[in-house]
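This briefing considers selected side-chain features of one protein structure, arranged by topic. Please read the points below alongside the sequence and the model.

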Amino acid sequence: MQRAVRALLGSRWPLLGMLGAFAAVVVAVVIVATGGGLAQAALALLLGLTLVGLVVVGASAREAEQRARKTEKQLKSLTESVQAIATAVQAVEERQNDPSGGPLAAIIGAQRLDAAVRHDELIARHDELRADVHATLTEQQLAELSALANLYAMLGADDEVPAFGGYAASPRTVLRLASLVRRLPSDALIVECGSGSSTVWLALACRRAGKGRVVALEHLELYARRTREALARHGLGDVAEVRLAPLEPVTVGGEKHDWYAAPQWTDLRGIDLLFVDGPPGAVGPRSRYPAFPLLAAALDDGAIVALDDAQRQDEADIAADWLAESVDGVRLADDEVVGRTRFFTATRA
Ligand SMILES: C[S@@+](CC[C@H](N)C(=O)[O-])C[C@H]1O[C@@H](n2cnc3c(N)ncnc32)[C@H](O)[C@@H]1O
């Protein structure tokens, strides 16, 4: 019955109740106005008031019911959260009680083991590398030292020679150049780009071999003077000359360079040994490239060309270009590498 009434009224009951109350008040007013009994009018008013009271009570009951439902929902969600937390806590407890430490401990353990193995490997590699570097350094130093001793034994030097190290070619390179002098023709012409101690040693080698002469191109007055002074100390003025050749712009192989001023080298003919040790890299990229294109015409057939500092990228590129080029019918072929110097042989077509 109650359900039937609810279904019938639905959510309209507050409106209907208020309408009923209004109707009861209207009826009471009509009774009074038409001279009806006061008792009947009071009854109608009482009915109206009762209906208003019922609507108010019903509305608060409905509100209380909605609040109760909301609270019930919140309680349910809270219960679910508590249960989830309890499950998580239980899982952690189970892991803690696991004698193996659980999956997390296993991962950490494996990583520790991995790190320890890696650490040992790195230490072993470090020791190996240190031993290698030590051995390599010792070998290189030994090679330079023995070249130095060899040079003094072969050529002697009864006065001070500009020191090796820094900008100077290494003893191994100079020793090889000096050895080559012995194999050159009697009227051998040795040309050097960049003067210094190598000029003195080459001149000593010419004097000892009793043949050949050295022409060194030098772009800086200071070093030209120093080398001349060293040559003079050894009485080598008739065997070697230093030509002061300031750098001037030149375009070779489509590239712009600064190279030794032309008047200082255009007269050179029949070069048997060309040592390219200048201009220094600081002058510009591929600063030594012009040597072969500009002096190829002056090289004798079978001449030797030596390019110093061949371990540098610029010089490696220069060497690759020289090997690929044919200038005035002259080509270069790779010969050998001694220390930092790469040797080529020139052939004339
Ligand atoms: C590589 S060095 C030539 C070295 C020379 N062939 C030798 O073996 O002694 C090239 C040029 O660097 C310049 N030079 C030489 N010693 C230098 C120094 N200590 N500081 C700056 N430039 C230097 C000189 O102009 C030299 O011609």
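Leu15 is exposed in this predicted model, because its relative accessibility of 56% is over the 50% cut-off. The residue is located in helix α2 (residues 13-33). Together with Leu16 and Leu19, Leu15 makes a nonpolar surface patch of about 290 Å².

**Aromatic pair of Phe164 and Trp201**

- The structure contains 6 aromatic pairs, one of which joins Phe164 and Trp201.
- This pair is stacked, with 6.2 Å from centre to centre and 20° between the planes.
- Phe164 belongs to the loop between α4 (102-155) and α5 (171-183), while Trp201 belongs to helix α6 (residues 197-209), so the pair ties together parts that are 37 residues apart in sequence.
- Phe164 has a relative accessibility of 23% and therefore counts as partly exposed.
- Trp201, with a relative accessible area of 0%, is buried.

**Aromatic pair of Trp322 and Phe344**

- The ring centres of Trp322 and Phe344 are 6.0 Å apart and the planes stand at 70°, so this pair is edge-to-face.
- Trp322 is part of helix α9 (residues 313-324) and Phe344 is part of strand β10 (residues 341-348), so the pair links parts that are 22 residues apart in sequence.
- Trp322 is buried, because its relative accessible area is 0%.
- Phe344 likewise counts as buried, at 0% relative accessibility.

**Charge over a ring**

- The charged end of Arg286 is placed over the ring of Tyr289, at 4.9 Å from the ring centre.

- His234 is found in the loop between α7 (221-233) and β3 (240-244).
- With a relative accessibility of 4%, His234 counts as buried, since buried means under 20% relative accessible area.
- Leaving aside residues up to four places away in sequence, His234 touches Ala157, Asp158, Asp159, Glu160, Val161, Val200, Leu204 and Arg207.

Technical notes:
Residues numbered from 1 in each chain as written. Predicted model: local features only at pLDDT ≥ 70, side-chain atom pairs only at ≥ 80, totals over all residues. Heavy atoms only, no water. Phe/Tyr/Trp six-rings, centres within 6.5 Å; stacked < 30°, edge-to-face > 60°. Helix = DSSP H or I, 4+ residues; strand = E, 2+ residues; numbered from the N terminus. Buried < 20%, exposed > 50% of the residue type's maximum accessible area, 1.4 Å probe, protein only. Lys NZ or Arg CZ within 6 Å of the ring centre and 35° of its normal. Patch = residues over 30% accessible without salt bridge, like charges linked within 9 Å, V, L, I, M, F, W, Y side chains within 5 Å. Areas by Shrake-Rupley, 256 points an atom, 1.4 Å probe, with all protein chains shown as cover. Salt bridge = Lys/Arg side-chain N within 4 Å of Asp/Glu carboxyl O. Contact = heavy atoms within 4.5 Å.
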